[in-house]
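Dear colleague,

I am passing on the structure we spoke about, and below it you will find an account of what was found in it. Please read the text with the structure open beside you.

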Amino acid sequence: MAAPCAEMEPAAAPRSPGAEELVCPRGRNRKTVLCQRCGSRVLLPGAATFARRELFLPSMKKKTALLASNSLDGDVLQDHWLVDDMFSFENIGFTKDVGNVKFLICADCEIGPIGWHCLDDKKSFYIALDRVSHE
Ligand SMILES: [Zn+2]
């Protein structure tokens, strides 16, 4: 498991299939970022920048199950949308703190985590490309 607050890797090409067409030449998201489950809008086009960083996210669950579970089921994800201000989100929810980390969840259906935020860095909110839809 990657250290929660490790330094970000230098910018690099996205690894996820199809990610190239999601990222504009300036490194921003071309498409609207949506919840995979309910379609709630998370980010408008251009609201986030692409960032490579290894982050562990637990498996997708409803918020209540997420908080009840102590299992380490999950994925190390590399490709993220990075936002430096939580007001850049159209809709976003948070879990309560897990250590110094909050997980980002859909504000409407509360499925997650779709993203990651470390309390040590108030200006970094990550949304995993693999955990959201793009339209
Ligand atoms: Zn949702």
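Of the 135 residues in the chain, 27% are buried; please keep in mind while reading that the model is a predicted one. Among the contacts in the chain with a separation of 6 or more, 57% are between residues 24 or more positions apart.

As for the secondary structure, the chain has 11 strands and 1 helix, and along the sequence these elements follow the pattern β-β-β-β-α-β-β-β-β-β-β-β.

An open sheet is formed by 6 strands, which are arranged in the order β3-β5-β10-β9-β7-β6 with antiparallel pairing. Its edges are taken by β3 (49–58) and β6 (93–94), and because each of these has a single partner strand, one side of each is left without a neighbour in the sheet. Within this arrangement, strand β5 (residues 74–83) runs antiparallel to strand β10 (residues 125–128), and 4 bridges join the two; V83 stands opposite F125 in β10.

Lastly, I would draw your attention to S133, which lies in strand β11 (residues 132–134). Is S133 buried, exposed or partly exposed? It has 14 C-beta neighbours inside 10 Å, and therefore S133 counts as partly exposed, since a buried residue would need 20 or more and an exposed one 12 or fewer. Leaving aside neighbours within four places in sequence, S133 is in contact with L34 and Q36. The C-alpha atom of S133 is also separated by 9.5 Å from that of R41, although these two residues are 92 residues apart along the chain.

Note on methods:
Residues are numbered from 1 along each chain as its sequence is written. This is a predicted model: local features need pLDDT of at least 70, side-chain atom pairs count only at pLDDT 80 or more; totals for chains, interfaces and linings use all residues. Two residues are in contact if their C-beta atoms, placed from the backbone, lie within 7 Å. Two strands pair if DSSP finds at least two bridges between them.
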